[in-house]
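I opened my notebook beside the viewer today and wrote down what I looked up, step by step.

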Amino acid sequence: MAKFASDDIMDIYLTSFGTACQRVAICLSQPLTYAALGTSALGTVVTAAGSFTNGNGDSSGRKVTHAAATITVGTSGTISHIAIYGTVGSGTLHFVGTCAPTAVTAAGTVILNAWDVTEIGDPT
């Protein structure tokens with residue numbers, strides 16, 4: 001028997017992910033917890049309403065894409081990770097990905113192109 005999952009069901013998860021995320025940070029190392037963002041983040045930006053968009057996956061299923069964003073650098077250093085987190089309550093680290101190591105300077109800006117955050121494949 002073939003397996004099937006409705007795009008609507010996958011979008012519930014992806015939409016919940018986007019709703020839970022309020023900030024994006026550029027980090028000098030991989031934060032493992034929300035608290036670690038305090039020493040790892042070199043700059044942050046509030047995620048604007050509509051920053052996350054659901055769409056068809058690259059090979060199957062559905063994916064969520066974060067829109068382009070400009071982040072003002074607070075502290076000079078070399079970034080190697082991008083973190084997405086929520087600030088409600090005590091805060092929650094939701095996602096961390098890598099980026100090409102890039103030197104940044106305080107008061108400068110980093111422009112993040114739109115990127116696919118996560119993808120849910122169709123059931124196999």
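Below are my entries on a sheet, a serine and some salt bridges.

**Entry 1: what I am looking at**

I note first that this is a predicted model. I keep that in mind for every value below.

I traced an open sheet of four strands, with the order 2-1-6-7 and antiparallel pairing. Which strands sit at the edges? I found strand 2 and strand 7 (92–104) there, each pairing on one side only.

Then I went through the pairings one by one. Strand 1 runs antiparallel to strand 2 (residues 41–46), and five bridges join them. As a landmark here I took Arg23, whose bridge partner in strand 2 is Val46. Strand 1 is also joined to strand 6 (residues 77–86) by five bridges, again antiparallel. In that pairing I saw Cys27 opposite His81 of strand 6. Between strand 6 and strand 7 I noted nine bridges, and these strands run antiparallel too. Gly77 has Val104 of strand 7 as its bridge partner.

How much of strand 1 is buried? I checked residues 23–27 and found that four of the five are buried, so strand 1 is largely enclosed by the rest of the structure.

**Entry 2: a stop at Ser80**

I picked Ser80, which has its place in strand 6. Is Ser80 buried or exposed? Its relative accessible area is 18%, which makes Ser80 buried. I wanted to know what its side chain reaches. Another, of 2.8 Å, joins the side chains of Ser80 and His81. Leaving aside neighbours within four places in sequence, I listed Cys27, Leu28, Ser29, Gly97, Thr98 and Cys99 as the residues in contact with Ser80.

**Entry 3: salt bridges**

I reminded myself that side chains of opposite charge can pair when their charged atoms come close. How many salt bridges are there in this model? I counted three.

I began with Arg62 and Asp11, where the closest N and O atoms are 2.9 Å apart. Arg62 lies in strand 4 (residues 62–66) and Asp11 in helix 1 (residues 7–20), so this pair ties together parts that are 51 residues apart in sequence. I looked up the accessibility of each partner. Arg62 is buried at 12% relative accessible area, and Asp11 counts as buried at 15%.

Next I turned to Lys63. Its side chain meets that of Asp58 in a salt bridge of 2.6 Å, N to O. Here I noted a contrast: Lys63 counts as buried at 14% relative accessibility, whereas Asp58 counts as exposed at 58%.

Lys63 also forms a salt bridge with Asp116, with the closest N and O atoms 3.0 Å apart. This pair links distant parts of the chain, since Lys63 is in strand 4 and Asp116 in strand 9 (residues 115–120), 53 residues apart. Asp116 counts as partly exposed, at 36% relative accessibility. With the shared partners, the salt bridges join Asp58, Lys63 and Asp116 into one network.

Terms used:
Residues are numbered from 1 along each chain as its sequence is written. This is a predicted model: local features need pLDDT of at least 70, side-chain atom pairs count only at pLDDT 80 or more; totals for chains, interfaces and linings use all residues. Side-chain values use heavy atoms; hydrogens and water are left out. Buried means under 20% relative accessible area, exposed over 50%, partly exposed in between (1.4 Å probe, protein chains only). Helices (H or I, at least four residues) and strands (E, at least two) are DSSP runs, numbered from the N terminus. Two strands pair if DSSP finds at least two bridges between them. A polar contact is a pair of N or O atoms within 3.5 Å; within protein, one must be able to donate a hydrogen and the other to accept it, and residues adjacent in sequence count only if both atoms are side-chain atoms. Contact means heavy atoms within 4.5 Å. A salt bridge is a side-chain nitrogen of Lys or Arg within 4 Å of a carboxyl oxygen of Asp or Glu.
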